[in-house]
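I opened my notebook to record, step by step, what I looked up in this structure.

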Amino acid sequence: EFFLMNDDAVAIHLRVVCGKTERQTTSLFATMANVIINPSWGVPPTILKKDVIPGMRRSGEKYLRKKGLKAYDRNGKVVADKLLTPRNYKKFTYKQAPGDDNSLGYVKFNLPNPWDIYLHDTPHRNDFGRRFRALSSGCIRLQFPQQMAVYIMSDLEKRKNFTPGLLDTIIETHKTRWEVLRTKIPVHIAYLTAYQDTTCKHVRFARDIYHRDDKLKSIMQRM
C-alpha cells in the first residue's frame with residue numbers, strides 16, 4: 001500500500017501493484033525529482049531480455065506492433081520493423097510512445113535510484129481490485145496516480161491552477177510534459193508484513209510474498 005504523508009497525517013492512501021516474486025521490488029530511499037505526464041516507455045534490460053526478445057523470437061515484428069513498440073538505433077532514429085532480423089534485433093533499444101496503452105499509463109513519478117525503480121500509472125487498472133497484486137516487473141503501479149499528481153502540483157508545489165481539468169487537458173494532447181519539483185519529497189519503499197493502518201489504532205498483517213521474514217528472523221536470532 002502507498003501512503004503520502006503531510007504534517008504527520010495521511011494525505012493520500014492508495015493501493016499498489018508491486019514486483020512479482022521473481023522480479024521483486026527493491027526496498028530503498030530516494031527523493032522524488034519530477035512528475036512526467038504522458039511518459040514514453042523505454043524497455044529496461046530485464047524486460048527486454050525476459051519478455052521482448054522471446055516475443056520477437058516467436059512473432060517478430062508482429063510482437064512489436066501488438067505492444068506498440070518501436071526500435072531505435074544508436075543515433076535515436078527509428079528502425080523500420082521490416083529491417084529487424086533475428087541477427088540484429090538485440091542491437092537496438094525499444095520504446096513505447098505516450099498514449100492510452102502505454103505501459104506507464106498517463107503519469108510517472110521519477111525518484112532517481114540505482115535500481116531504476118519508480119512510481120507510475122498503468123493501463124491495467126483492474127488489477128487493483130485483486131487481493132494478490134505482486135504483478136509488475138519491479139516498479140510500483142499506483143491506483144490513482146492522477147489524484148496524486150494534482151495533489152503534489154497544487155498542494156505541495158503551490159500551483160493552484162494545476163487542477164484535475166488541467167491535467168486531463170494535458171493528457172489529451174498525448175505529448176510528454178515534464179514537471180520538475182521544487183519540493184523535496186522523500187520516498188521510502190519498505191517491505192513490511194506487519195504495519196500500522198491509517199487509523200493508527202490497528203496493526204495489519206500481510207502475506208510474506210517475497211519470503212523475507214524467515215531470513216530476517218534467522219539474522220535476528222544470531223544477533
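Predicted model: local features only at pLDDT ≥ 70, side-chain atom pairs only at ≥ 80, totals over all residues.

Entry one, the helices. I looked up helix 3 (residues 145-156) and helix 4 (residues 164-173), and found that they pack at an angle of about 120°, with their axes 10 Å apart. Helix 3 passes helix 4 in a right-handed crossing. I then asked which residues meet in this contact: from helix 3 there are Gln 146, Ala 149 and Val 150, and from helix 4 there are Pro 164, Leu 167, Asp 168 and Ile 171. By type, the residues of this contact divide into 5 nonpolar, 1 polar and 1 charged.

Entry two, the salt bridges. Side chains of opposite charge can pair when their charged atoms come close. The count for this model comes to 9 salt bridges. One of them joins Glu 179 to Arg 159, with the closest N and O atoms 2.6 Å apart. This pair links distant parts of the chain, since Glu 179 lies in strand 13 (residues 177-189) and Arg 159 in the loop between helix 3 and helix 4, 20 residues apart. Glu 179 also meets Arg 177 in a salt bridge, at 2.7 Å from N to O.

Is Glu 179 buried or exposed? Its relative accessible area is 6%, which is under 20%, so I noted Glu 179 as buried. Arg 159, at 23%, counts as partly exposed, and so does Arg 177, at 32%.

Conventions. Residues numbered from 1 in each chain as written. Heavy atoms only, no water. Axes fitted to C-alpha atoms, helices over the stretch in contact; angles between N-to-C directions. Helix = DSSP H or I, 4+ residues; strand = E, 2+ residues; numbered from the N terminus. Left-handed = near helix turned anticlockwise from the far one by under 90°. Contact = heavy atoms within 4.5 Å. Nonpolar A, V, L, I, M, F, W, Y, C, P; charged D, E, K, R; others polar. Salt bridge = Lys/Arg side-chain N within 4 Å of Asp/Glu carboxyl O. Buried < 20%, exposed > 50% of the residue type's maximum accessible area, 1.4 Å probe, protein only.
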